[in-house]
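Please look through the sequence and the model shown here before reading on.

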Amino acid sequence: MKLVTVTNYHEISVRAAQLVANQVNKKKNTVLGLATGQTPVGMYQELISMFKRGEVDFFEVVTFNLDEYYGLSSEHPQSYHHFMWDTFFQYINIKKENVHLLNGVTENINKECKQYEYLIQKNGGIDLQILGIGDNGHLGFNEPAIGLNSKTHLVNLAEETIYANSQYFNDVQEVPKQALTMGIGTIMKAQKIILLASGRKKAHVIESTINCPVSSEVPATALQLHNDVIILIDKEAAYKI
Ligand code: PGA
């Protein structure tokens, strides 16, 4: 794992956007794995600015998002479908048919998950996967104790994740208790991975990700076994290393 520590959140966003743009400029039909949450928002804003300046073009880009709440339809304001269109896709020239997110209201979970894996493979696999990280070490919604070879599947959200994400809902009771997520095994198949983390509250989990033995107790430790990972963090998130 290559650790890159920058001054602040803005610098994380600019560097991450440059890495994504470099990848897309090198391969027009790049397959991107994308993340939701607060951390990548600055990167999406930088990519929109770069697109408007003509520095990157998404016309042939294909995307697969990491996860979606189970039980929320794509129109729900807290769904990750909504987040991605609201934050990023509506501002760039990506084709709607090239955008993939799991269907949170599928009637056949097993089929939905298998189909997602199939589509990723059919598109040639993920070239570059962007990741955030949960305070408990989750990647996507792969909570502690989930198998490190897992494929796309339905998960029960950890209490701390439900609590952390309740800031986006009116009430903690409204937060879905389950989600569909790419598995750790799915994530590990990406050619390149960039994990983003900012702020003191991520310092502990970043330290564990780098220094703890690989274990499903901290799912992000699996990244130690991948041969092309950049951990892009700010000074605050790096202070325990
Ligand atoms: P955050 O979420 O970017 O909002 O901190 C990350 C995550 O839970 O994976």
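A residue is called buried when its relative accessible area is under 20%, exposed when it is over 50%, and partly exposed in between, using a 1.4 Å probe and protein chains only. The model is predicted, so to speak of local features requires a pLDDT of at least 70 and side-chain atom pairs count only at pLDDT 80 or more, while totals for chains, interfaces and linings use all residues. Residues are numbered from 1 along each chain as its sequence is written, and side-chain values use heavy atoms, with hydrogens and water left out.

Start with lysine 27. Its relative accessible area is 30%, which means that lysine 27 is partly exposed. Lysine 27 sits in the loop between α1 and β2 (31–34). Labels of this kind come from DSSP runs numbered from the N terminus: helices are H or I runs of at least four residues, and strands are E runs of at least two. The side chain of lysine 27 makes a polar contact of 2.8 Å with the side chain of aspartate 127. A polar contact is a pair of N or O atoms within 3.5 Å; within protein, one atom must be able to donate a hydrogen and the other to accept it, and residues adjacent in sequence count only if both atoms are side-chain atoms. Between lysine 27 and glutamine 115, which are 88 residues apart along the chain, the C-alpha atoms are separated by 25 Å.

Next come the helices. How do the axes of helix α1 and helix α2 cross, and at roughly what angle? Helix α1 covers residues 9–26 and helix α2 covers residues 41–52; their axes come within 8 Å and cross at roughly 55 degrees. An axis here is a line fitted to C-alpha atoms, for helices over the stretch in contact, and angles run from 0 to 180 degrees between N-to-C directions. The two helices α1 and α2 are therefore oblique to each other. For such angles, under 35 degrees counts as roughly parallel, over 145 as roughly antiparallel, 65 to 115 as roughly perpendicular, and the rest as oblique.

The contact between them involves Tyr9, His10, Ser13, Val14, Ala16, Ala17, Gln18, Val20 and Ala21 on the α1 side, and Val41, Gly42, Met43, Glu46, Leu47 and Met50 on the α2 side. Contact means heavy atoms within 4.5 Å. Sorted by type, the residues in the contact of α1 with α2 are 10 nonpolar, 4 polar and 1 charged. In this sorting, Ala, Val, Leu, Ile, Met, Phe, Trp, Tyr, Cys and Pro count as nonpolar, Asp, Glu, Lys and Arg as charged, and the others, Gly among them, as polar.

Helix α2 also meets α3. The axes of α2 and α3 come within 10 Å and cross at roughly 40 degrees, and that makes α2 oblique to α3. On the α2 side Val41, Tyr44 and Ile48 meet Phe83, Met84 and Thr87 of α3. The residues of this contact of α2 with α3 divide into 5 nonpolar, 1 polar and no charged.

Glutamate 97 counts as exposed because its relative accessibility is 57%. Alanine 145 lies in another loop, between β6 (128–131) and β7 (153–156). With a relative accessible area of 53%, alanine 145 is exposed. Alanine 145 has a positive phi of about 85 degrees, although it is not a glycine.

Is alanine 179 buried or exposed? Alanine 179 is buried, because its relative accessibility is 0%. It is placed in strand β8 (residues 178–181). Leaving out residues up to four places away in sequence, alanine 179 touches Glu68, Tyr69, Tyr70, Phe141, His153, Leu154, Val155 and Leu157.

Helix α5 (residues 159–165) contains asparagine 165. Asparagine 165 is buried, with a relative accessible area of 12%. Its side chain is joined to that of tyrosine 69 by a polar contact of 3.0 Å. Glutamate 160 also lies in helix α5, but at 43% relative accessibility glutamate 160 counts as partly exposed. A polar contact of 3.2 Å joins the side chains of glutamate 160 and asparagine 136.
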